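Me: I'm new to this one. Walk me through it, please.

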Amino acid sequence: MFKPSGALIALCLAGLAPLAASPACAQGAAAAASLTPGTKVYDQNGEEVGQIVKVAGDKVAVAIDGNGLVVPKDAFVKSAKGPALKAPKAKILAVLKEAEADAAAVDGALKPGVAVRSADGAAVLGKVKEIVAQGAVLTTSEGNITMPRAAFFLSDKGLAVKVNEKQFIEGVRAARAQKKKRG
């Protein structure tokens with residue numbers, strides 16, 4: 001089953017150094033036309049790592065060993081075999097394993113009553129009220145808000161979301177304004 005591991009993986013792979021000369025990879029990015037669902041994906045050395053399952057805008061979702069990897073289209077290069085990621089298979093699998101461990105740690109910490117901090121740890125933004133299928137409902141000074149599970153991470157100070165206090169408050173207010181317009 002495809003389990004998207006999200007931004008962490010995209011950031012880790014995007015941060016890899018540009019690919020040095022490799023016989024498996026040609027110069028330049030993979031043609032967008034080659035990035036279609038069902039297409040096999042290779043690593044920088046030409047070893048098969050997975051298959052594209054979805055393309056949406058600039059993002060490409062790849063199924064790899066039962067896990068998911070979401071990367072920007074420019075994370076691919078053109079190889080003799082097809083689209084290839086700019087990393088060796090071992091690095092890709094290590095990033096997936098780390099993301100899976102991080103997600104499990106968040107799942108373990110995401111419990112009712114737990115304080116949720118800003119990304120920098122400077123502010124407590126609210127407390128987990130309840131766990132729902134898409135994430136968690138937080139009780140905040142702005143009222144209750146549902147946050148997706150992918151928005152959470154474990155910081156040195158505990159459970160946190162991936163935004164600072166100002167961004168959180170602005171986001172909550174914007175979401176409330178949108179909801180009022182629709183409803």
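Reply: One term to begin with. Helices (H or I, at least four residues) and strands (E, at least two) are DSSP runs, numbered from the N terminus. The model is predicted, so local features need pLDDT of at least 70 and side-chain atom pairs need 80 or more, while totals for chains, interfaces and linings use all residues. Residues are numbered from 1 along each chain as its sequence is written, and side-chain values use heavy atoms, leaving out hydrogens and water.

Me: How many helices and strands does the protein have?
Reply: Three helices and 13 strands.

Me: What pLDDT does the protein average?
Reply: The average is 83, and 81% of the residues score at least 70. pLDDT is the predictor's confidence in each residue, from 0 to 100. Over residues 1-27 it is below 50. That stretch still has 55 contacts beyond near neighbours in sequence. A contact means heavy atoms within 4.5 Å.

Me: What share of the residues is buried?
Reply: Buried residues are 35% of the 183 in the protein. Buried means under 20% relative accessible area, exposed over 50%, and partly exposed in between (1.4 Å probe, protein chains only).

Me: Now Ala 87. Where is its place?
Reply: Ala 87 sits in the loop between strand 7 (83-85) and helix 2.

Me: Why does Ala 87 count as buried?
Reply: Because its relative accessible area is 1%. Asn 45 is 42 residues away along the chain, yet its C-alpha is 8.2 Å from that of Ala 87.

Me: On to the cores. Which residues have the most contacts inside the largest nonpolar core?
Reply: Leu 138, Met 147, Phe 152, Leu 159 and Phe 168, in a core of 17 residues. Helix 2 (89-109), strand 9 (124-132), strand 10 (135-140), strand 11 (143-148), strand 13 (158-161) and helix 3 each give at least two residues to this core. A separate second core has 15 residues, including Leu 35, Val 41, Ile 52 and Leu 96. A nonpolar core is a set of buried Ala, Val, Leu, Ile, Met, Phe, Trp, Tyr and Cys residues joined through side-chain atoms within 4.5 Å.

Me: What does Phe 168 touch?
Reply: Leaving out residues up to four places away in sequence, Phe 168 touches Leu 125, Leu 138, Thr 140, Ile 145, Met 147, Val 161 and Val 163.

Me: And helix 3, how many residues has it?
Reply: Helix 3 (residues 165-182) has 18. From first C-alpha to last it reaches 26 Å, close to the 26 Å expected at 1.5 Å a residue. The expected span is 1.5 Å times one less than the number of residues. At the helix's start, a side-chain oxygen of Asn 164 comes within 3.1 Å of the backbone nitrogen of Lys 166.

Me: Switching to Thr 36. Where is it found?
Reply: In the loop between strand 1 (25-29) and strand 2 (40-42). Thr 36 is partly exposed, at 34% relative accessible area. Apart from neighbours within four places in sequence, Thr 36 is in contact with Ile 52 and Val 55.

Me: Last one, Asp 65. What is its phi?
Reply: Near 50 degrees, a positive value in a residue other than glycine. Most residues other than glycine have a negative phi. Asp 65 lies in the loop between strand 4 (59-64) and strand 5 (67-72).

Me: Is Asp 65 buried or exposed?
Reply: Exposed, because its relative accessibility is 60%.

How values were computed
Polar contact = N/O pair within 3.5 Å; in protein donor to acceptor, adjacent residues only side chain to side chain.
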